Amino acid sequence: FRSWTALDAEAVAQTATLMAQAITAALGHGTSLNDPARLHQKARLYIEANLGNPDLSAAEVARSIGASRSRLFAMFQPVGGVERFIRSARLERIKAALSAPAQPHPIAVLAEAVGFRSSAQLSRLFRQHYGMTPSQFSARADPGGVRRISERA
């Protein structure tokens with residue numbers, strides 16, 4: 001069993017930043033605002049690469065892709081908005097981590113790794129989204145009880 005440390009979390013954050021820079025360069029800094037599909041893809045990739053940043057916001061995404069906030073909001077309106085997309089992406093990443101048969105990590109470590117401000121915030125939003133706590137989901141994902149995930153870490 002290997003638990004994540006602050007150093008691991010920092011390495012993940014630095015890797016995400018480098019990935020975001022590479023994605024921005026690959027997609028072109030001057031993405032045409034007349035190409036909504038490419039701009040939307042750029043926004044989604046930026047969000048995915050920066051989920052660990054607890055300060056990730058619509059304003060930051062708009063600035064990073066060179067679009068206005070209103071343009072960004074219009075692109076994400078079909079999925080409930082930018083903030084909802086960010087929250088859902090974080091929850092999906094947590095769900096995938098809890099479903100993986102790999103090494104378990106305390107909920108607090110997982111919460112920090114994907115940008116939640118606390119394990120309590122993660123647990124509350126996870127329950128609202130999936131109808132159960134992360135620990136309940138983890139127990140269902142591992143019926144044999146081999147993995148143990150602590151709500152309090």
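1. Let's start with where helix 5 meets helix 7. On the helix 5 side the residues are Arg87, Ser88, Leu91, Glu92, Ile94, Lys95 and Leu98, and they meet Leu122, Leu125, Phe126, His129 and Tyr130 of helix 7. A contact here means heavy atoms within 4.5 Å. Sorted by type, the residues of this contact come to seven nonpolar, two polar and three charged. For that sorting, Ala, Val, Leu, Ile, Met, Phe, Trp, Tyr, Cys and Pro are nonpolar, Asp, Glu, Lys and Arg are charged, and the others, Gly among them, are polar.

2. Before going on, a word on what we're looking at. This is a predicted model, in which local features need pLDDT of at least 70 and side-chain atom pairs count only at pLDDT 80 or more, while totals for chains, interfaces and linings use all residues. Residues are numbered from 1 along each chain as its sequence is written, and side-chain values use heavy atoms, with hydrogens and water left out.

3. How do the axes of helix 5 and helix 7 cross? Helix 5 covers residues 82-99 and helix 7 covers residues 119-130; their axes come within 11 Å and cross at roughly 90°. That makes helix 5 roughly perpendicular to helix 7. The axes are lines fitted to C-alpha atoms, for helices over the stretch in contact, and angles run from 0 to 180 degrees between N-to-C directions. On this scale, under 35 degrees is roughly parallel, over 145 roughly antiparallel, 65 to 115 roughly perpendicular, and the rest oblique.

4. The cut-offs are under 20% relative accessible area for buried and over 50% for exposed, with partly exposed in between (1.4 Å probe, protein chains only). From Glu92 to His129 is 37 residues in sequence and 9.9 Å in space, C-alpha to C-alpha.

5. A pair of aromatic rings is described by the distance of the centres and the angle of the planes. Rings of Phe, Tyr and Trp (its six-membered ring) pair if their centres lie within 6.5 Å; planes under 30 degrees apart are stacked, over 60 edge-to-face, and the rest tilted. By this rule the count comes to three aromatic pairs. Phe126 and Tyr130 make a tilted one, 4.6 Å centre to centre with 50° between the planes. Both lie in helix 7, four residues apart, about one turn of the helix.

6. Is Phe126 buried or exposed? Phe126 is buried, with a relative accessible area of 0%. Phe126 also pairs with Phe137, this time edge-to-face: 5.8 Å centre to centre and 65° between the planes. Phe137 belongs to helix 8 (residues 134-141) and Phe126 to helix 7, so the pair ties together parts eleven residues apart in sequence. Phe137 counts as buried too, at 14% relative accessibility. Ring pairs join Phe126, Tyr130 and Phe137 into a cluster.

7. On charges: side chains of opposite charge can pair when their charged atoms come close. The structure has two salt bridges, where a side-chain nitrogen of Lys or Arg must lie within 4 Å of a carboxyl oxygen of Asp or Glu. One joins Glu48 and Arg93 at 3.1 Å, N to O. This pair links distant parts of the chain, Glu48 in helix 2 (residues 36-49) and Arg93 in helix 5, 45 residues apart. Glu48 is partly exposed at 34%, and Arg93 is partly exposed at 35%.

8. Asp55 and Arg117 form a salt bridge at 2.7 Å, N to O. Here Asp55 is in the loop between helix 2 and helix 3 (58-65), and Arg117 is in the loop between helix 6 (107-113) and helix 7, 62 residues away. Asp55 and Arg117 are both exposed.

9. Last, the overall picture. The chain has eight helices and zero strands, with helices (H or I, at least four residues) and strands (E, at least two) taken as DSSP runs numbered from the N terminus. Of its 153 residues, 39% count as buried. Among contacts between residues at least 6 apart in sequence, 58% join residues at least 24 apart.
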